[in-house]
Amino acid sequence: KAAQALTSLVTFAAAKAVLAQMSGSGRGALGAYNAEGYRALEYALENESLRDADAWLLKLTKANNLVGVRIAETRLAYASTDFEW
């Protein structure tokens with residue numbers, strides 16, 4: 001149970017970081033360099049449960065492959081550096 005919660009936390013942190021990077025000038029999808037990816041990620045964060053982070057990421061990757069891969073890479077980086085305890 002704790003491992004699942006930690007995976008959800010790291011996935012959420014990675015998703016929020018990617019969303020912030022994609023937001024461009026801070027105006028959301030309007031200023032995003034990848035508006036389609038931004039909207040897909042925003043929708044997934046707002047409407048899909050992150051309880052099972054791997055299933056959430058798989059569903060997002062099917063909706064937008066590039067965003068899904070980017071979150072997976074960011075999640076791996078966070079897990080191996082920032083959440084090393």
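The model is predicted.

User: What makes up the chain, in helices and strands?

Analyst: There are 4 helices and 0 strands. Along the sequence the pattern reads α-α-α-α.

User: How much of the chain counts as buried?

Analyst: Of its 85 residues, 34% count as buried. The cut-off is under 20% relative accessible area.

User: Why is Gly37 called buried?

Analyst: Set the value against the cut-off. Buried means under 20% relative accessible area. Gly37 has 0% relative accessibility, so Gly37 counts as buried. Gly37 lies in helix α2. Beyond residues up to four places away in sequence, Gly37 touches Met22, Asn64 and Val67.

User: Ser8 is in α1. What makes Ser8 buried?

Analyst: Its relative accessible area is 14%. The limit is under 20%, so the label is buried. Ser8 touches Leu50, Arg51 and Ala53, not counting residues up to four places away in sequence.

User: How do you know that Leu57 is buried?

Analyst: Leu57 has a relative accessible area of 8%. That is under 20%, so Leu57 is buried. Leu57 belongs to helix α3. Its contacts, leaving aside neighbours within four places in sequence, are Gly68, Ile71, Ala72 and Arg75. Leu57 and Gly68 are 11 residues apart in sequence and 6.2 Å apart in space, C-alpha to C-alpha.

User: Which residues of α3 are buried?

Analyst: Ala53, Trp56, Leu57 and Leu60. They cover an arc of only 95 degrees around the axis, so they sit on the same side of α3.

User: Why do residues three or four places apart in an α-helix point the same way?

Analyst: An α-helix has 3.6 residues a turn, so residues at that spacing point the same way.

User: What makes a set of residues a nonpolar core, and which residues have the most contacts inside the largest one here?

Analyst: The members must be buried, drawn from a list of nonpolar residue types, and joined through side-chain atoms within 4.5 Å. The largest such core has 16 residues. Leu41, Trp56, Leu60, Val67 and Ile71 have the most contacts inside it. α1 (2-22), α2 (35-47), α3 (53-63) and α4 (65-82) each supply at least two residues of this core. The largest share, 5 residues, comes from α1.

User: Which residues is Leu41 in contact with, leaving aside its neighbours within four places in sequence?

Analyst: Leu41 is in contact with Ala15, Val18, Leu19, Trp56, Leu60, Val67 and Ile71.

User: How do the axes of α1 and α2 cross?

Analyst: They come within 10 Å and cross at roughly 145 degrees. The crossing of α1 past α2 is left-handed.

User: Which residues meet where α1 and α2 pack?

Analyst: On α1, they are Phe12, Ala15, Lys16, Val18, Leu19 and Met22. On α2, they are Gly37, Tyr38, Leu41, Glu42 and Leu45.

User: Among contacts between residues at least 6 apart in sequence, what share joins residues at least 24 apart?

Analyst: The share is 53%.

How values were computed: Residues numbered from 1 in each chain as written. Predicted model: local features only at pLDDT ≥ 70, side-chain atom pairs only at ≥ 80, totals over all residues. Heavy atoms only, no water. Buried < 20%, exposed > 50% of the residue type's maximum accessible area, 1.4 Å probe, protein only. Contact = heavy atoms within 4.5 Å. Arc of directions from axis to C-beta. Axes fitted to C-alpha atoms, helices over the stretch in contact; angles between N-to-C directions. Left-handed = near helix turned anticlockwise from the far one by under 90°.
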